[in-house]
Amino acid sequence: MADNATKLSINTEVLRKMAEIATLEVEGVAAIAKKNYDLKDAVKAKGPFQGIKIESVNGALQIGIYITVKKEAKVKDVTAKVQENVKDKIQTMTNTAVTRVNVVVADIVFGGEEVEE
């Protein structure tokens, strides 16, 4: 009997959007960072900074997210919840393993500040 399995391919931009939505659902996250605070990544970047990096390694996903947190947020709790929520949502929606979710707190928003979009 022939194997009629189909292969699902998801655009990186779609995965990035899924990760963004899952990140912004977490209380304490003000925004996805729009500036790169990591000089090493800025030098080797091929395009403009996105705030979320998605890499496929051996069929599994590794995700890096740069976030801006609210000043009253407990950073350790927020980053742990972001990791959990992003991993859970992407694995559930795509049925693809997520082996790593690295969260970098790039900035903190204080009371009256506006977050760059």
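Analyst: The side chain of E25 makes a polar contact with the side chain of K89, at 2.8 Å. A polar contact is a pair of N or O atoms within 3.5 Å; within protein, one must be able to donate a hydrogen and the other to accept it, and residues adjacent in sequence count only if both atoms are side-chain atoms. This is a predicted model, in which local features need pLDDT of at least 70 and side-chain atom pairs count only at pLDDT 80 or more, while totals for chains, interfaces and linings use all residues. Residues are numbered from 1 along each chain as its sequence is written, and side-chain values use heavy atoms, with hydrogens and water left out.

User: Where does E25 lie, and which residues is E25 in contact with, leaving aside its neighbours within four places in sequence?

Analyst: Contact means heavy atoms within 4.5 Å. E25 lies in the loop between helix 1 and strand 1, and beyond those neighbours it is in contact with N85 and K89. E25 and N85 are 60 residues apart in sequence, yet their C-alpha atoms are 8.3 Å apart in space. Helices (H or I, at least four residues) and strands (E, at least two) are DSSP runs, numbered from the N terminus.

User: Is E25 buried, partly exposed or exposed?

Analyst: Buried means under 20% relative accessible area, exposed over 50%, and partly exposed in between (1.4 Å probe, protein chains only). E25 counts as partly exposed because its relative accessibility is 45%. T94 in helix 3 counts as buried, because its value is 6%. The side chain of T94 reaches the backbone oxygen of I90 at 2.6 Å.

User: Which residues have the most contacts inside the largest nonpolar core?

Analyst: A nonpolar core is a set of buried Ala, Val, Leu, Ile, Met, Phe, Trp, Tyr and Cys residues joined through side-chain atoms within 4.5 Å. The largest one has 22 residues, and I63, I65, V78, V82, V86 and I90 have the most contacts inside it. Two or more residues each come from helix 1 (12-24), strand 1 (29-32), strand 2 (52-57), strand 3 (60-70), helix 3 (75-94) and strand 4. Strand 3 gives the most, with five residues. Beyond four places in sequence, the contacts of I65 include I32, I52, V82, V86 and V103.
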